[in-house]
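Please keep the sequence and the model in view while reading.

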Amino acid sequence: MPFTLPPLPYSTSALAAQGMCQETLELHHGKHHNAYVTALNGLVESKGLAGKSLETIVAEAGKAGADGLPVLNQAGQHWNHALFWQVMSPKGGGDKLPGNLASKIDSDLGGLQAFKDAFKQAGVSQFGSGWAWLIIGSDGKLKVTKTPNGANPISTGEGTPILGCDVWEHAYYLDFRNVRPNYLENFLNKLVDWEVVGGLLDKGGLTTGQTA
Ligand SMILES: [Fe+2]
């Protein structure tokens, strides 16, 4: 089965009032994410990926180091965006977290504000393109981390993301120009659907169900 572009779980205009305009979503989902899917499908045969899940491909490409980069760039970005669309919603924002997530953020990260500060700092300090993450670490504790380009915590072996924020310029330039800190603050305060993140915590992270 070729990889496919997952549909947005909302319309391209649905997040405009929350700081992500229709043009951003049309380009980001319809052009950027779609290009990663198309490029990944073009690598399935030559890289021997057939039959493997997207998660396995990302993990193996990460372990392969420089040799794995051509696959990781596309497979990682396909996975990363699949998560990104899910963790935002027109119902997102606010500080009301589901109980499981709130208590784990309290115990592992020192509370919601400390988590937000760390997440924002991760995104701001990622030099160039990349992602900020909230992950279930390999020790079972929540952690905030960041990765460059198309990598993610599955490819680095750090753990499983339950929240990710795209800090490539294509994610925020139309809405926030060069001001990445404001984009990250807006993402945390107005766009994140905490119910979805809490659900992913219960499930141990996202499984896309996509297989080459
Ligand atoms: Fe992106």
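## The model and its annotated regions

The model is predicted; local features are reported at pLDDT of at least 70 and side-chain atom pairs only at pLDDT 80 or more, while totals for chains, interfaces and linings use all residues. Residue numbers start from 1 along each chain as its sequence is written.

The UniProt record, an unreviewed entry, lists residues 3–89 as "domain: Manganese/iron superoxide dismutase N-terminal". UniProt positions follow the numbering used here, feature names are shortened, and annotations may be inferred rather than shown by experiment. Residues 3–89 are 55% helix and 0% strand, with end C-alpha atoms 24 Å apart. Residues 99–197 are 54% helix and 23% strand, and there the end C-alpha atoms are 11 Å apart. Helices (H or I, at least four residues) and strands (E, at least two) are DSSP runs numbered from the N terminus.

## The sheet

An open sheet is formed by 3 strands in the order E2-E1-E3, with antiparallel pairing. E2 and E3 stand at the edges with a single partner strand each, so one side of each has no neighbour in the sheet. From one strand to the next, the twist averages 30°. Two strands are said to pair if DSSP finds at least two bridges between them. In general, strands of a sheet pair through backbone hydrogen bonds, either parallel or antiparallel.

A residue is buried if 20 or more other C-beta atoms, placed from the backbone, lie within 10 Å of its own, exposed if 12 or fewer, and partly exposed in between. E1 is joined to strand E2 (residues 142–148) by 7 bridges; Gly 130 stands opposite Pro 148, and Trp 133 stands opposite Thr 145. The hairpin of E1 and E2 has 4 residues between the strands, and Gly 140 in this hairpin takes a positive phi near 90°. Another 7 bridges join E1 to strand E3 (residues 159–166), where Gly 137 has Gly 159 as its bridge partner.

Helix H3 (residues 69–86) has 18 residues and reaches 25 Å from its first C-alpha to its last, close to the 26 Å expected at 1.5 Å a residue. The expected span is 1.5 Å times one less than the number of residues. Of the 18 residues of H3, 14 are buried, so H3 is largely enclosed by the rest of the structure.

The axes of H3 and helix H2 (residues 54–63) come within 9 Å and cross at roughly 140°. H2 is therefore oblique to H3. Angles under 35 degrees count as roughly parallel, over 145 as roughly antiparallel, 65 to 115 as roughly perpendicular and the rest as oblique. Axes are lines fitted to C-alpha atoms, for helices over the stretch in contact, and angles run from 0 to 180 degrees between N-to-C directions.

## Two loop residues with positive phi

Most residues other than glycine have a negative phi. Asn 149, which is not a glycine, has a positive phi of about 50°. Asn 149 lies in the loop between E2 and helix H6 (153–156) and is partly exposed, with 17 other C-beta atoms within 10 Å.

Arg 177, also not a glycine, has a positive phi of about 50°. Arg 177 lies in the loop between helix H7 (169–176) and helix H8 (180–191). Arg 177 has 11 C-beta neighbours inside 10 Å, so it counts as exposed.
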